[in-house]
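I set down here, in order, what I looked up in this structure.

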Amino acid sequence: MRRSLTFTPGRSLTFTPRRSLTFTPGRSRAFTLVELLVALAIFALLSTFAYRSLAVMLDGREALDRDSRKWRDLALFVGRFERDVQAALDRPATGPSGTLQAPVSSLLDLGGGTATGLALTRSGAALYANALAAPQRVAYRHAEGRVERLSWPGVDAGPRAEPVITPVLEEVRALAFRFMDRNLEWRRDWALPSSQGLPLAVEMTVELAGGERIVRVVDIPR
């Protein structure tokens, strides 16, 4: 304890003790069980909101990727269809059953039966040095919820010739074709090789599984 010296005139010197300040540290206070439970409940609530937001974001991203793939595949299919039609040749073909087919036909000769769709004789690709450089017979049909492209090794198919079947578009509800004749009228059948020749244009209608309808008209070069 420190002492202070006080001087008063006419009086003797006296020492007056000064009280010192004392500090008593407070006791540390811990969380109670109720406070801990409330904190855990708030944390769980915030975590639920965060998880739901993340799930919504991931679902939206997945749907966007799925739509992007759908329209990309559709664009590739339409581009391939246009190239085949624009390369059509006025050259009849012999099917696997031995039947003479029109250069462009609404009937597909599959040997053991027929199917509706689009079959045509197209020119080969000059860039290839193999069988693809020669004219060939190709076809499009709707089967099992998808569009398939069929290609034969040559224009005239043998009795046992099997086409190469390539799926080109998935999740398709319907596929239809129409053909414009010389009177500028649309027809749904085009199969007589001797009198009809090539149509002026081919119209394709694709109905996707989601209900979207895409119509594409392609002129056949003369």
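**Entry 1: aromatic pairs**

How many aromatic pairs does the count come to? I counted rings of Phe, Tyr and Trp (its six-membered ring) as a pair if their centres lie within 6.5 Å, with planes under 30 degrees apart called stacked, over 60 edge-to-face and the rest tilted. By this rule I find 4 aromatic pairs.

The model is a predicted one, in which local features need pLDDT of at least 70 and side-chain atom pairs count only at pLDDT 80 or more, while totals for chains, interfaces and linings use all residues. Residues are numbered from 1 along each chain as its sequence is written, and side-chain values use heavy atoms, with hydrogens and water left out.

I looked at Phe77 and Tyr140, which form an edge-to-face pair at 6.0 Å centre to centre, with 70° between the planes. Phe77 lies in helix α1 (residues 33-86) and Tyr140 in strand β7 (residues 136-143), so this pair ties together parts that are 63 residues apart in sequence. Helices (H or I, at least four residues) and strands (E, at least two) are DSSP runs, numbered from the N terminus.

I then noted a pair of Phe81 and Tyr140, also edge-to-face, at 5.9 Å centre to centre and 75° between the planes. This pair links distant parts of the chain, with Phe81 in helix α1 and Tyr140 in strand β7, 59 residues apart.

Phe77 is buried at 2% relative accessibility, Tyr140 is buried at 1%, and Phe81 is buried at 0%. Ring pairs link Phe77, Phe81, Tyr140 and Phe177 into a cluster.

**Entry 2: Asp84 in the helix**

I followed helix α1 to Asp84. Asp84 counts as buried, at 1% relative accessibility. Its side chain is joined to that of Arg122 by a polar contact of 2.5 Å. A polar contact is a pair of N or O atoms within 3.5 Å; within protein, one must be able to donate a hydrogen and the other to accept it, and residues adjacent in sequence count only if both atoms are side-chain atoms.

I took two strands as paired if DSSP finds at least two bridges between them. Strands β5 and β6 pair in the antiparallel sense over 5 bridges, and Leu107 stands opposite Thr116 in β6. In the hairpin of β5 and β6, which has 4 residues between the strands, Gly111 takes a positive phi near 85°.

Strands β6 and β7 also pair in the antiparallel sense over 5 bridges.

Thr114 is in strand β6 (residues 114-122) and is exposed, with a relative accessible area of 62%. Thr114 and Ser97 are 17 residues apart in sequence and 9.7 Å apart in space, C-alpha to C-alpha.

**Entry 3: the cavity**

The structure holds 1 cavity of 30 Å³ or more. The largest cavity has a volume of about 70 Å³.

Its lining includes Leu107, Trp152 and Arg137. Strand β5 (residues 104-109) gives the most to this lining, with 3 residues.

**Entry 4: the second largest pocket**

The second largest pocket has a volume of about 240 Å³. Among its lining residues I noted Arg66, Lys70, Asp73, Glu170 and Leu208. Helix α1 supplies the largest share of this lining, 5 residues.

**Entry 5: the open sheet**

I traced an open sheet of 4 strands in the order β11-β10-β12-β13, with antiparallel pairing. The edge strands are β11 (186-187) and β13 (213-219), each pairing on one side only. Strand β12 (residues 201-208) pairs with β13 in the antiparallel sense over 7 bridges. The bridge partner of Met204 in β13 is Arg216.

Conventions:
Buried < 20%, exposed > 50% of the residue type's maximum accessible area, 1.4 Å probe, protein only. 1 Å grid on protein atoms, 1.4 Å probe; cavity = no way out; pocket = protein on both sides within 12 Å on 5 of 7 lines; lining within 4 Å. Points joined across faces, edges and corners; volume = space filled by probe spheres on them.
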